[in-house]
Amino acid sequence: MLHFGTIQEVGGSINGQGSSSSNRGLLQVVDFGQVTRVGGNVDLTWNHITQVEFGALARVDGWLRLRVNALTSVDFGAITHIDGSLDLSNNDLTSINFRSITHIGSRLSLHNNAFSSIDFGAISHIGGMLSLYNNAFSSIDFNTITHIGSLLYVFNNPSLASINCRNLGSCLCRSSNTSPTNCPNSCTTDLNLNCV
């Protein structure tokens, strides 16, 4: 367990990542306690994390990475602002509560999970791409989002029959079974993502 207790601010980065997906770290529970701000990045990739308590944390000045863990749900509590990217890819997530987050400065990565629906809460700004591929979405509602600065990746969601992009994003990568409305042009990519 990683517990920050009565610490109120971390001026730099928090690096608790394992060394690779085959050599994961030992973290299972993370509790930010009374920390209100992290002045750098939070990287807890490649662990066995099943629970994160964000406590009083309101701001992360860098990225927040919790990818390749064992999370099934996440509640962001008091967080309002993440300057960098938010990466929760490659978990077992079925639910997420963004609560008060309004700003993600770079990309939001939620691919390779088990979502069937999502509520973006109060998020209005995503500065980079939004990655939702390889899930089980049947619908996606962008709620209060007014800006997505880059690509929209929604392919390989077999039950997603249609998507209304609300003129967000720079290009759309979708599967052929998903009918687009108010969406940008298709992405041309070197990543071999099988999108149309």
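This is a predicted model: local features need pLDDT of at least 70, side-chain atom pairs count only at pLDDT 80 or more; totals for chains, interfaces and linings use all residues.
Residues are numbered from 1 along each chain as its sequence is written, and side-chain values use heavy atoms, with hydrogens and water left out. Local features require a pLDDT of at least 70 and side-chain atom pairs count only at pLDDT 80 or more, whereas totals for chains, interfaces and linings use all residues.

The chain contains zero helices and 22 strands (DSSP runs numbered from the N terminus; helices are H or I of at least four residues, strands E of at least two). Its radius of gyration is 17 Å, close to the 16 Å that the globule rule gives for 196 residues, so the chain is as compact as a globular protein of that length; the radius is taken over C-alpha atoms, and the rule is 2.2 Å times the number of residues to the power 0.38. Along the principal axes, the C-alpha atoms fill a box of roughly 50 × 35 × 25 Å. Of the 196 residues, 44% count as buried (under 20% relative accessible area, with exposed over 50% and partly exposed in between; 1.4 Å probe, protein chains only). Among contacts (heavy atoms within 4.5 Å) with a separation of 6 or more, 19% involve residues 24 or more positions apart.

Seven salt bridges were found in a search of the whole structure, each being a side-chain nitrogen of Lys or Arg within 4 Å of a carboxyl oxygen of Asp or Glu. One of them joins the side chains of Arg67 and Asp87, at 3.6 Å from N to O. This pair links distant parts of the chain, 20 residues apart: Arg67 lies in the loop between strand E9 (64-65) and strand E10 (73-75), and Asp87 in strand E12. Arg67 is partly exposed, with a relative accessible area of 25%, whereas Asp87 is buried, at 4%. Strand E12 comprises residues 86-87. Beyond its neighbours within four places in sequence, Asp87 is in contact with Leu64, Arg65, Leu66, Arg67, Arg107 and Ser109.

A further salt bridge connects Arg99 and Asp75, at 2.6 Å from N to O. Arg99 is partly exposed at 44% relative accessibility, and Asp75 is partly exposed at 31%. Salt bridges with shared partners join Glu9, Arg37, Arg59, Asp61 and Asp83 into one network. Within this group, Asp61 pairs with Arg59 at 2.7 Å between the closest N and O atoms.
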